[in-house]
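Colleague: I would like to go through the labels in this model one by one. Please give me the cut-off behind each.

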Amino acid sequence: MTAAPPGARSISEILDQARARLDRLGPLATAAAIRDGAILIDIRPAAQRAEHGEIPGALIIERNVLEWRLDPRSDARLPFANSYDLAVIITCQEGYTSSLAAAALQDLGLHRATDLAGGFKAWREAGLPTLD
């Protein structure tokens, strides 16, 4: 292995820095936030959703287009994504990619963006409803 270039950070460091900015929610707190109007967004690819299941009512926006769909300044944004005060909770399978995605949304100015700690797996383990 060669030495990392100056300024390079490991993925563990990047993840830790992203999570330090987030008010991550567990499954029960996520369910409560959804009842209060937050939007749950599942960023997993179709194959992963087909294999493991889905959370009823979650909006599917795959990771590769997430920022374009939620940036209020983007020509490709979804109609509801017109406010920087949008309460969005991102989920992935186990809560790693979702942390990075939520931090990227915060970088866009969506200051309430966060993620589901433990992802879909934690949701299912908490006994919350899923679609198989």
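Predicted model: local features only at pLDDT ≥ 70, side-chain atom pairs only at ≥ 80, totals over all residues.

Modeller: Residues are numbered from 1 along each chain as its sequence is written, and side-chain values use heavy atoms, with hydrogens and water left out.

Colleague: Why is Arg124 called partly exposed?

Modeller: Its relative accessible area is 35%. Buried means under 20%, exposed over 50%, and partly exposed lies in between (1.4 Å probe, protein chains only). So 35% makes Arg124 partly exposed.

Colleague: Where is Arg124, and what does Arg124 touch?

Modeller: Arg124 is in helix α6. Helices are DSSP runs of H or I with at least four residues, strands are runs of E with at least two, and both are numbered from the N terminus. Not counting residues up to four places away in sequence, Arg124 touches His52, Gly53, Thr130 and Asp132. Contact means heavy atoms within 4.5 Å.

Colleague: Why are α1 and α5 called oblique to each other?

Modeller: α1 (residues 11-20) and α5 (residues 97-107) pack at about 55 degrees, with axes 9 Å apart. Axes are lines fitted to C-alpha atoms, for helices over the stretch in contact, and angles run from 0 to 180 degrees between N-to-C directions. Under 35 degrees is roughly parallel, over 145 roughly antiparallel, 65 to 115 roughly perpendicular, and the rest oblique. The angle of about 55 degrees falls in the rest, so the pair is oblique.

Colleague: Which residues make the contact of α1 with α5?

Modeller: α1 gives Ile11, Ile14, Leu15, Ala18 and Arg19, and α5 gives Ser99, Leu100 and Ala103. They divide into 6 nonpolar, 1 polar and 1 charged. Ala, Val, Leu, Ile, Met, Phe, Trp, Tyr, Cys and Pro count as nonpolar, Asp, Glu, Lys and Arg as charged, and the others, Gly among them, as polar.

Colleague: What makes α5 mostly covered?

Modeller: In α5, 8 of its 11 residues are buried. Among them are Ser98, Ala101 and Leu105. The buried residues pack against α1, α4 (66-70), β3 and β4 (114-115).

Colleague: How do you know that the buried residues of α2 line one face?

Modeller: In α2 (residues 27-35), Pro27, Thr30, Ala31 and Ala33 are buried. Down the axis they fall within an arc of 160 degrees, so they line one face. The arc is that of the directions from the helix axis to the C-beta atoms. Leu28 and Arg35, on the other side of α2, are exposed.
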